[in-house]
Amino acid sequence: MSIKVTLLAHTPNPEETVAAAAKLCYSPSGIEDIREGLTSEKTASFVNMLSDIGHASPMEHASFTFGIEGISRACSHQLVRHRIASYSQQSQRYVDGNSFEFVTPPEIEDDEHCLEVYSKVLDLQMKAYGEIRDALVVKYIRESSDKAFEGTDAEIIEAYKAENKAKCSAFIKKANEDARYILPNACTTKIVCTFNARSLENFFAHRCCNRAQWEIREVAYQMLMLVKSVAPHIFSKSGPSCMRGACPEGNMSCGKIKEVREKYGKL
């Protein structure tokens, strides 16, 4: 599964909302009047001015909600470190681990030996997950029932489910809680997240950088393309930190500031 980012929702007229908030700061207008005269040209002018003078708080009044799928748990762990945002993530407790796909890093995929070892370990982990989960479910069944069930773990689970589907489902979820400890970071996940525009600027500055991990960099790039389509002036200078000045990475710089600026300048 490839990475896919969808813009699910956003503040209606995000740039006008930001401009109206900024106008209130700089004029005696009442609340009922702050949208008056905000043509598209004046809205763009207000937004550009905010960017030029570094007045970022009005940007917080515009929010954007994304649906992200096809990323690994390794990637989502990085994503949720951006704390000024809201997240809802697919649960490994309620969703059976056998239904997850896996992300294979390109560097591993391009190396025959690495890919063979990687695939072998993933297969082993998934087999172990299923065995542990089923064994725990059978344990819970035997602890709660006076009836003697015979057969393989899978057969016992099916027989018990036929008698008490709701209770069996609860046992499976309980077993998933412990069995999921064996699942790898490569497991795919899905997540919905909501950022305000100011927080997004910070996110892009860190995660669009060439030194960001490849997976979250792709997520950030797709997110930036989407928000630029609905709020081009707010995000006109967005991208890695070097879009706004010198590279902050010092000796760790990728050394490709010209190429990076050209790439994000064309979005």
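E201 has a relative accessible area of 17%, so this residue counts as buried (buried means under 20% relative accessible area, exposed over 50%, partly exposed in between, with a 1.4 Å probe and protein chains only). The model is predicted: local features need pLDDT of at least 70, side-chain atom pairs count only at pLDDT 80 or more, and totals for chains, interfaces and linings use all residues. Residues are numbered from 1 along each chain as its sequence is written, and side-chain values use heavy atoms, with hydrogens and water left out.

**Salt bridges**
- The whole structure holds 10 salt bridges (a side-chain nitrogen of Lys or Arg within 4 Å of a carboxyl oxygen of Asp or Glu).
- One of them joins R244 to E201, with the closest N and O atoms 3.2 Å apart.
- This pair links distant parts of the chain, as E201 lies in helix α8 (residues 197-207) and R244 in the loop between α9 (214-230) and α10 (257-265), 43 residues apart (helices are DSSP runs of H or I, at least four residues, and strands are runs of E, at least two, numbered from the N terminus).
- R93 forms a salt bridge with E177, and their closest N and O atoms are 2.6 Å apart.
- R93 is partly exposed at 31% relative accessibility, and E177 is partly exposed at 24%.

**D134**
- D134 sits in helix α5 (residues 112-144).
- Its relative accessibility is 19%, so D134 is buried.
- D96, R133 and D134 are linked in a network of salt bridges.
- Leaving out residues up to four places away in sequence, D134 touches D153 and I157 (contact means heavy atoms within 4.5 Å).
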